[in-house]
Amino acid sequence: MLYIFRHLSSYLAPYKKAFGLAVTLTLVQNGLNYLFPQFIKGIFDRVFPGIKEEKGLLILLAWCAGILLLGLLRAAVLRFGIINYEGTANRIAADLRNALYEKLHKAPLSYYGTMRTGDLMSRLTLDVQMVQMFFSFVFSHALSCALTIGAVILLMFLASWKMALIVLAFLPVIIVALVRFSRRTAKGVKDRQEQAGSLTAVLQENITGIRVVKSFATEEQEIEKFREENWKLRGANLRVTLLNARMLPLLILFSGAGTLVVLGVGGWLVSAGEITIGSFMAFNSYLGLLGWPMWMLAPTLSHVKQAEGSARRLLEIFQAPEEARPVKPVRRVIRGEIRFKDVSFEYTNPEGTVAVLEKINLRIDPGEKVAVIGLTGSGKSTLVNLIPRLFRPTSGKIYLDGIDLNDWDLDSLRRQIGLVDQETFLFSTTIGENIAFGAVETGPEAERARAIINSAQKARIHDFIVSLPEHYNTIVGERGVGLSGGQKQRVAIARALFTNPKILILDDSTSSVDPETEKEIQESLKELMAGRTTIIVTQRMSMARLADRIILLSSGEIKAEGEHGFLYDSNQYYRLLHDIQLKQVERPEEELLRGLEGL
Amino acid sequence: METLKINTYRRLVLQEEEEDYRRPFNREYLSRLARYLRPYRKAVVVVCLSSIAGILFSLLGPYLIKIGIDEYIVPRQMAGFQRVILLLALTIAGQYLSLLLQGVLAAKAGQSAIFDLRQELFNHLQSLSLGFFDKQKAGRLITRVTNDVDSLQQLLSSGITTLVTDTLSFFGVFAFMIWMDWRLTLVTLITLPIIIWLVFYVRRRLLMGWRRIRKKLANVNATLNESISGIRVTKAFSREKENYRMFAGINNEHFQAAQRVVPLSGFFWSSVNFLNYLGTVLILAIGGLLLRYDWVTLGVLAAFMNYVNRLFQPIMNLSTLFNMIATAMASCERIFELMDIAPQVKEVVNPVAIGEIRGEVEFRNVSFKYGGSDEVLQDFNLHVRPGETVALVGPTGAGKTTVINVLCRFYDITGGKVLIDGIDLRKIALKDYRQQIAIVLQDNFVFSGSIEENIKYGKADATRDEVIAVAKAVGIHDFITSLPAGYATQVHERGSRLSMGQRQLLAFARALIRDPKILILDEATSSIDTQTELAIQIALKRILAGRTAFVIAHRLSTIKRADRIVVIDGGRIVEEGKHDELLANKDGLYRRLYESQFRED
């Protein structure tokens, strides 16, 4: 519990008054709890015996009014307590979500390579909720439990220390049992979550892979696989439910045992004249006060434990690295001269360190069009990702317009670079908004709309968009209309053009389109590249031929570079690659493959 | 063009709001749901009986305490006191055992019923044809099998106990109170309407508020999910600050919804609390009056104080149950609606036994359309001899994939016939047929599990040697053995560790291991590097040999090797023949397609 307060103190700090008030109200409320039995006792002991006297009813009414007042006071205390607790909890949760969201945006892209989306999501949703619950009621319940147990012990000792000792001898057993239950519940809940996750994974695979399932007629096999997970989930669910089902009777047993002891021992003590009947009755009612904390203790403790785990996972996110930003950032219009000097890039995974780029030296002039070709895993994508600083080199320097890339203002840099990826991610919003994604400054609406249409026309997607029922206002993305690979790609090109970038990067951007579409895109690209430094990463010779200069990358090193004619004449590998793709080579594939591998 | 109105107002489309407003009680759904408890009816009966026993024991306890105090402790008459203690101990033990029995059995019965329901739903999904899945979003189906079924869990496991126990204890306590003193019982009835208003009306409003919060939270989560998935684009376009603003807005909506419920929540709990005081005060005040005229005894008054609270708890529990049922109605409706969907492709009642097929395929005057769309295939005629390789070529949307969908009988044709070895496809048992065909898809879906398991997917009882043999045949064996864990290497849905080309080869192995008589390939358009492409072509040659094959071909080498090229446009065959023959037709579609892809300098 302390862990949460210690590490989330900065989120609690702005609301410490409200939270402090709420805690004070809990204390008051706990105090008031002990007044009620006093009133009842008073009425039975003092008012009812004299009820037949002249003023008997008046006195009774006065006492009743007292109880009502107490009730109103308690209700008011409870109400403001709830309002302050829940209000604080809601605010803390909202602040936490905003802070986590911003923190995630500040983390470098490499961070996302180490974290699974599902894991991040569960932290941002379930764990935040858990912390919210902690501040909303778990803490106050824990506090009330502790206060009540403490007070009852004290009162018992005041009433009769002998009986108190006897009853208290049981207390450790009960508390140990409850704590164990709470631990097992916390673990059970966690197991259940994991099992539910693994069932969902199997289900999701089945549904996304349903074509394979159907075509292989493996429905029965799939049903077996699911049954196994389903059975495990039943077990995990059952364990949690059974824990609850066993705890309830156990609590009854505990309180019954308490009653038995009080009745038996107390009866004996009373008859022996050791204690008075009044003390005995008082004792009996104190035992009743323990009912609520006993009920609440196990679930509260298990909630506290879960909240601690949640807080820990949230802190891990806050401790994630952030993208470096220069102290004196350079903001200016990019000319487009790029220079790589001894640039290397490597990453570390559990299996060791992998070198992706090794001592790359490269110079691209303003307005030049360069294609990077190479096998899968040759480092092509990494190379271009270094330019908008999505990745940072492990060693070496990159200069943009003669200025160290690291000194450029990150926003200024990225806004002047247009990036079209291999797989296009579209957001679940209108197609128009997706195109205008990169423009933060909102100009006059009409102008903006014109610019959107203009970009779409250049990317040759306008005609398609106006064929959609809601034109540019058609929702796309995961929750909207599904677009084909080629359509998405063209939206991505329009999106990159909308910002009028000084540098255009096409990262394998025609891979998911059919040959006809590719040809069309290539036509439009020619126009788009004019006047911009352009880097084309590709597997296809037809794309590479759009460039002034071609760079052949292999295992992270530049193997050859130059104009097409030069490479075709001087590089056997390049020539073979080119001919296999663009000419009809009448030789068996085995021979061609051996040829490529040999070079 | 200028008139196009573009909505430049920034918005993010949020999760489709699942309609989950409370449904009226639907008796049919409830009884259908109750049917899942039928296999466990013995347990249910025992649960009900032990609930009743539990109530009796719980009523007996306080009575014994009262006797102990009034007849033994107060008069200090300890003779026979042990008997009271013993009886009390037995009562407590009885209460413990009956509660334990009830809880354990209810949990088991409920969880078993949930297991059955979930399994039945999944089995039903497996029986549905592909046409159904093409129209559904995967996320929705997943929600049906997970969340919707989960939301019935509590109802099925504790619902019956609550219904029995709390109804009984409410009426039991009520009867007991009337028996003791009907006048005081009437007094307690004064607060009853307020209590019922609170727990049924106010609480319902509270629940609706929570539901609003959950919806807003779903929006927050959807936004988060999208932001994380699209982080690369956001960074590349430097849209962070804009995102913060957007998220803060959505987050604030959730916060506001939560804050709106806070006063109501404070009101509800404090009112419930106050009503306890009010009930007690009413009994004390009126009871005092009655006491003045000797109409009640002190003992009865004391007992009533106890029972007032006992009357309250069952009402609270029953309101929880009713809310549970109301919420469950929405889930029930979604689940049962799904279960009531019949598969479009129906198995014939008395299928023709086919044995091993030769692989002769004939499309005879086939026409087909999806749902309400135009005809995708029209008067489609194609006769393929056993062992022949046919390349399907045509522009996007020409109907190539539909030919394959129909051939695999993922969909039933709307007109004409598909004949396999001369037998109408609709007269063959689906399983008999599909076990002899194999399809390799463009997206090369890989299941989580080891590489070996993935290859064996096509034939569960394949031996290790068979697995290795097909891996060698498609040319991926060397790659697999180069991995540290070899064939045991774990792969995932997204196929991490595997490149596109490797996934395609794996899919080939998966298809080849069943030694299919008809093989269907949907070639990937993705740019895999030339070396991998050559490797695939080499594998293809071996795979296609000796079986009937349909290939949606994009690669020239595949097309050229085909025995026949079928050019499809607008759902019809427009050209047919060998590569060179088709190329000779200067105005032909084939030549146009060819030239757009392969240019000579």
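In this predicted model, 132 residues of chain B are in contact with 135 residues of chain A, two residues being in contact if their C-beta atoms, placed from the backbone, lie within 7 Å. Helix α9 (residues 240-292) of chain B supplies the largest share of the side of chain B that touches chain A, namely 31 residues. Helices (H or I, at least four residues) and strands (E, at least two) are DSSP runs, numbered from the N terminus. By class, this side of chain B has 68 nonpolar, 45 polar and 19 charged residues. Here Ala, Val, Leu, Ile, Met, Phe, Trp, Tyr, Cys and Pro count as nonpolar, Asp, Glu, Lys and Arg as charged, and the others, Gly among them, as polar.

Residues are numbered from 1 along each chain as its sequence is written, while chains are lettered from A and ligands numbered from 1 in the order in which they are written. Because the model is predicted, local features need pLDDT of at least 70 and side-chain atom pairs count only at pLDDT 80 or more, whereas totals for chains, interfaces and linings use all residues.

| Helix pair | Angle | Distance between axes |
|---|---|---|
| α10 (residues 219-271) of chain A and α2 (residues 41-73) of chain B | about 5° | 11 Å |
| α8 (residues 161-208) of chain A and α10(A) | about 170° | 9 Å |

Axes are lines fitted to C-alpha atoms, for helices over the stretch in contact, and angles run from 0 to 180 degrees between N-to-C directions. The angle of about 5° between α10 of chain A and α2 of chain B makes α10(A) roughly parallel to α2(B); angles under 35 degrees count as roughly parallel, over 145 as roughly antiparallel, 65 to 115 as roughly perpendicular and the rest as oblique. On α10(A), the contact is made by Thr259(A), Leu263(A), Gly267(A) and Val270(A), and on α2(B) by Ile65(B), Gly68(B), Tyr72(B) and Ile73(B). Five of the residues in this contact are nonpolar, three are polar and none is charged. Within chain A, α8(A) and α10(A) are roughly antiparallel to each other. Their contact has 25 nonpolar, nine polar and nine charged residues.

Chain B has 20 helices and twelve strands. Its C-alpha atoms fill a box of roughly 120 × 65 × 55 Å, taken along the principal axes. Chain B is divided into domain 1 (20-166 + 331-343) and domain 2 (360-436 + 556-596), with bounds that come from an automatic or database domain assignment. The centres of these two domains of chain B, taken over C-alpha atoms, are separated by 56 Å.

Of the 601 residues in chain B, 42% are buried. A residue is buried if 20 or more other C-beta atoms lie within 10 Å of its own, exposed if 12 or fewer, and partly exposed in between. Helix α11 (residues 400-407) of chain B is mostly covered, with seven of its eight residues buried; among them are Lys400(B), Thr402(B) and Val403(B). Just after α11(B), Arg409(B) takes a positive phi of about 55°.

Glu347(B) lies in the loop between α10 (298-339) and β1 (361-369) of chain B. It counts as exposed, with 12 C-beta neighbours inside 10 Å. Leaving aside neighbours within four places in sequence, Glu347(B) is in contact with Ala429(B) and Leu430(B). Although Glu347(B) and Leu430(B) are 83 residues apart along the chain, their C-alpha atoms are separated by 6.7 Å.
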